[in-house]
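Please read the points beside the sequence and the structure.

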Amino acid sequence: MKIRCIVVDDEPVALEKMQHYVEKTPYLELVAACDSPIEAMRVLSEESVDAIFTDINMLGLNGLDFVESLSRCPLVVFVTAYTEYAADSYKVGAVDYIVKPYGYKEFQRASERLRTQYELLQQSSAHRREDTLFVRTDCKWVRIKTDTIRYIQGLSDYLRLVLEDNSKPLVTYATFAQMKKCLPDHFLQVHRSWIVNTRQIQEIERARIIMDKETYIPIGDSYKEELVNYLLRRSVGRSGRSGKNID
């Protein structure tokens with residue numbers, strides 16, 4: 001099975017180079033070559049994509065913000081001339097980081113790491129079907145059912161998992177990118193600092209999610225469209241306005 005990829009860069013020569021290298025690698029399949037993160041988002045909304053090769057320093061939305069804005073993020077390899085971004089790239093769960101200028105040898109090395117990670121995720125699919133998750137916290141591993149998670153809050157380099165039984169929240173050293181790979185589709189990132197279990201939502205109004213009478217979660221502007229699309233696929237009725245806004 002080939003790994004379905006998109007490549008993203010706002011420089012035509014650099015984009016063509018990534019496209020050529022993907023097509024040259026036997027286990028990679030090029031889905032699209034995108035000249036902006038906005039175009040990449042459109043492709044991701046329409047196609048099944050396993051991996052992204054993307055530049056970081058682009059006009060408008062940079063590569064790091066682009067990846068962080070995705071609620072269901074594929075595997076990511078960053079390709080950029082700016083080495084100062086290396087640490088930040090791994091904070092968002094990147095598989096590897098290629099420094100420009102580079103040749104096929106460097107691209108192939110990153111692709112091999114990508115393939116290893118992809119195969120590990122495929123092998124763990126049976127565990128994900130069990131709807132359980134092991135969380136490393138307080139020097140031990142805690143097994144929880146994912147549907148007992150109400151929401152997840154990002155706190156710098158840590159995540160805070162709030163559970164439905166009102167027990168003490170679990171705090172673990174991890175990124176949203178890592179966490180989202182382990183969660184079912186009904187978990188959505190709705191803000192830079194929040195992921196919610198949509199099955200635990202009571203109401204949505206005034207650009208906020210109401211989990212209960214004491215818990216309100218904001219909806220970030222860059223996450224509204226995906227949340228609205230999710231709701232439209234799973235709802236009936238609409239407002240007297242467009243029916244497509246969360247205001």
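1. In this note, contact means heavy atoms within 4.5 Å. The model is predicted.

2. With that cut-off, and leaving aside residues up to four places away in sequence, phenylalanine 53 touches Cys5, Ile6, Val7, Val8, Met18, Val22, Leu28, Val77, Phe107, Ser111 and Leu114.

3. Phe53 also belongs to the largest nonpolar core, which has 22 residues. The members with the most contacts inside this core are Leu28, Phe53, Val77, Phe107 and Leu114. Two or more residues of the core come from each of strand S1 (3-8), helix H1 (12-24), strand S3 (51-54), strand S4 (75-80) and helix H5 (104-123). The greatest contribution is that of H5, with five residues.

4. As background, nonpolar side chains tend to be buried together in soluble globular proteins.

5. Turning to strand pairing, an open sheet is formed by three strands in the order S13-S14-S15, and the pairing is antiparallel. Its edges are strand S13 (203-205) and strand S15 (215-218), each of which pairs on one side only. From one strand to the next, the twist averages 25°.

6. How many bridges join S13 to S14? Three bridges link S13 to strand S14 (residues 208-212), and the two run antiparallel. Isoleucine 204 has isoleucine 209, in S14, as its bridge partner.

Key
Residues numbered from 1 in each chain as written. Predicted model: local features only at pLDDT ≥ 70, side-chain atom pairs only at ≥ 80, totals over all residues. Heavy atoms only, no water. Core = buried A, V, L, I, M, F, W, Y, C linked by side-chain atoms within 4.5 Å. Buried < 20%, exposed > 50% of the residue type's maximum accessible area, 1.4 Å probe, protein only. Helix = DSSP H or I, 4+ residues; strand = E, 2+ residues; numbered from the N terminus. Pairing = 2+ DSSP bridges. Axes fitted to C-alpha atoms, helices over the stretch in contact; angles between N-to-C directions.
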